[in-house]
Amino acid sequence: MANEEKPKQKVGFTIIKNAPTDGHKGYGIGSLSLENVSPLFIDIEEGEAFVDIGAMHARSEVERGIKFTVNREDSAGGKPYWLVWITIDFNPQGPYYAGVTACEMVVNREKRRGYKILADHVNLMDKSMKRKIIIDHMDEASKRVLAEYLKKHNLELWERSTEQLRQGLDV
């Protein structure tokens, strides 16, 4: 294949660590840093919470081997989860839970099918990165699990967090 026949490569979504573009306005400016974002799964039936970094690219243990659709019937009888995007930021007092958003997901391992709306997952991750708290639609038991996990992980971060988060998870 001649050089002129090769399709031009497009710049995709770039994930960078820290801010290597500080001090110059070159390539990569405007890229997002996902360094302070963590995906937390809540197993609704078991009442457990666990972090799986693979969820950053839809490659978590929960998602592996599952074909996801936006049709709930495809995953009927499956196990419900919340995928919670947690962003940590810093204020003068120290680090705190700045953005917390929750996305719904259902996984039916027997059928190897699942329900999730990928656009919602991406948009809610973005809102978490923008320091938004969107947890009102979660069930009370899952809110308790999330609150306990955040407190247990680091009580100081919890205490520095916004009143909106603490009241939203106070059940």
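## Salt bridges

Nine salt bridges are present in the structure, which is a predicted model. One of them joins Lys116 to Glu63, with the closest N and O atoms 2.7 Å apart. Lys116 belongs to the loop between β8 (113-115) and α1 (118-129), while Glu63 belongs to the loop between β4 (48-51) and β5 (67-69), so this pair ties together parts that are 53 residues apart in sequence. Both Lys116 and Glu63 are buried.

Another salt bridge links the side chains of Glu61 and Arg64, at 3.0 Å from N to O. Arg64 has a relative accessibility of 47% and therefore counts as partly exposed. A further salt bridge is formed by the side chains of Glu156 and Arg160, at 3.5 Å from N to O. Glu156 and Arg160 both lie within helix α3 (residues 155-160), where four residues, about one turn of the helix, separate them. Glu156 is partly exposed, with a relative accessible area of 48%; Arg160, at 24% relative accessibility, is also partly exposed.

## Helix α1

Helix α1 has twelve residues, which at 1.5 Å a residue should span 16 Å. The C-alpha atoms at its ends are 17 Å apart, in agreement with that expectation.

The buried residues in α1 include His121, Leu124, Met125, Ser128 and Met129. These five residues cover an arc of only 145° around the axis, which puts them on the same side of α1. After α1 comes Arg131, which has a positive phi, near 70°.

In soluble globular proteins, nonpolar side chains tend to be buried together. In this model, the largest nonpolar core contains 19 residues, and Val84, Leu146 and Leu165 are those with the most contacts inside it. Two or more residues of this core come from each of β3 (37-43), β6 (79-91), β7 (94-108), α2 (140-153) and α3. The element that gives the most is α2, with four residues.

The surroundings of Leu146 show how this residue is placed. With its neighbours within four places in sequence left aside, Leu146 is in contact with Leu40, Ile42, Val84, Ile86, Val100, Ile135, Met138 and Leu169.

Methods: Residues are numbered from 1 along each chain as its sequence is written. This is a predicted model: local features need pLDDT of at least 70, side-chain atom pairs count only at pLDDT 80 or more; totals for chains, interfaces and linings use all residues. Side-chain values use heavy atoms; hydrogens and water are left out. A salt bridge is a side-chain nitrogen of Lys or Arg within 4 Å of a carboxyl oxygen of Asp or Glu. Buried means under 20% relative accessible area, exposed over 50%, partly exposed in between (1.4 Å probe, protein chains only). The expected span of a helix is 1.5 Å times one less than its number of residues. The arc is that of the directions from the helix axis to the C-beta atoms. A nonpolar core is a set of buried Ala, Val, Leu, Ile, Met, Phe, Trp, Tyr and Cys residues joined through side-chain atoms within 4.5 Å. Contact means heavy atoms within 4.5 Å.
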